[in-house]
Amino acid sequence: SRGLGDVYKRQKLLTEGVMVVDLQKVDTSSPAKDCGIREGDVIVSIDGEKVKSNADVAKIIRSSNGEACSVRIKRGSNDLTFKLCPRLESGSYKAG
């Protein structure tokens, strides 16, 4: 019999990109929320550059210098693209 851990490992291997798990619950507005990205979406690429970790996402957003980024996500079986405008916070550009 397979346990929940086995199911998780199988799903993790099939997932490409970075899953959005928390969009700053304290802040009612964030660049990611404002452009339409939701918790549970999987960020596949930003400006055509594939992402595999939160560090990849942060690096690309920081290097955007505040310019709008094209974010490709997977929501269920749908591929969607959003225009995200990073926000300057504490001296660095952020998305969420």
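This is a guided tour of a predicted model of one protein, stop by stop.

**The whole chain**

Start with everything shown as a cartoon. The protein has three helices and seven strands. Following the chain along its sequence gives the pattern α-β-α-β-β-α-β-β-β-β. Of the 96 residues, 29% count as buried.

**The nonpolar core**

Hide the surface and select Ile 37, Ile 43, Ile 46, Val 51, Ile 61, Val 71 and Leu 84. These belong to the largest nonpolar core, which has 17 residues, and they touch the most other members. Which elements each supply at least two residues of this core? They are helix H2 (31-35), strand E2 (42-46), helix H3 (54-62), strand E4 (69-75) and strand E5 (78-84). In soluble globular proteins, nonpolar side chains tend to be buried together.

Setting aside neighbours within four places in sequence, Ile 61 is in contact with Ile 46, Cys 69, Leu 84, Pro 86, Tyr 93, Lys 94 and Ala 95.

**The cysteines**

How many disulfides does the structure hold? The count is zero. Cys 35 counts as buried, with a relative accessibility of 17%. Cys 69 is buried too, at 2%.

**Salt bridges**

Next, show the charged side chains. The model has four salt bridges. Select Asp 41 and Arg 75, whose side chains meet in one of them, with N to O at 2.8 Å. This pair links distant parts of the chain: Asp 41 is in the loop between H2 and E2, Arg 75 is in strand E4, and they are 34 residues apart. Are these two residues buried or exposed? Both Asp 41 and Arg 75 are buried.

Move to Arg 72 and Asp 79. These residues form a salt bridge in which the closest N and O atoms are 3.9 Å apart. Arg 72 is partly exposed, at 30% relative accessibility, and Asp 79 is partly exposed, at 49%.

Then select Arg 87 and Glu 89. Their salt bridge has its closest N and O atoms 3.5 Å apart. Arg 87 has a relative accessible area of 27%, so the residue counts as partly exposed. Glu 89, at 21%, is partly exposed as well.

**Ser 30**

Ser 30 is found in the loop between strand E1 (18-19) and H2. At 1% relative accessibility, Ser 30 counts as buried. What does the side chain of Ser 30 reach at 3.1 Å? It reaches the backbone nitrogen of Lys 33. Not counting residues up to four places away in sequence, Ser 30 touches Arg 87, Ala 95 and Gly 96.

**Two positive phi angles**

The last stop concerns the backbone. Most residues other than glycine have a negative phi. Select Asp 47, where phi is near 50 degrees, a positive value in a residue that is not glycine. Asp 47 sits in the loop between E2 and strand E3 (49-50). Its relative accessible area is 47%, which means that Asp 47 is partly exposed.

Finish at Ser 90, also not a glycine, where phi is positive at about 50 degrees. Where does Ser 90 lie? Its place is the loop between strand E6 (87-89) and strand E7 (92-94). Ser 90 counts as exposed because its relative accessibility is 79%, over the 50% cut-off.

How values were computed. Residues are numbered from 1 along each chain as its sequence is written. This is a predicted model: local features need pLDDT of at least 70, side-chain atom pairs count only at pLDDT 80 or more; totals for chains, interfaces and linings use all residues. Side-chain values use heavy atoms; hydrogens and water are left out. Helices (H or I, at least four residues) and strands (E, at least two) are DSSP runs, numbered from the N terminus. Buried means under 20% relative accessible area, exposed over 50%, partly exposed in between (1.4 Å probe, protein chains only). A nonpolar core is a set of buried Ala, Val, Leu, Ile, Met, Phe, Trp, Tyr and Cys residues joined through side-chain atoms within 4.5 Å. Contact means heavy atoms within 4.5 Å. A polar contact is a pair of N or O atoms within 3.5 Å; within protein, one must be able to donate a hydrogen and the other to accept it, and residues adjacent in sequence count only if both atoms are side-chain atoms. A disulfide is a pair of cysteine sulfur atoms within 2.5 Å.
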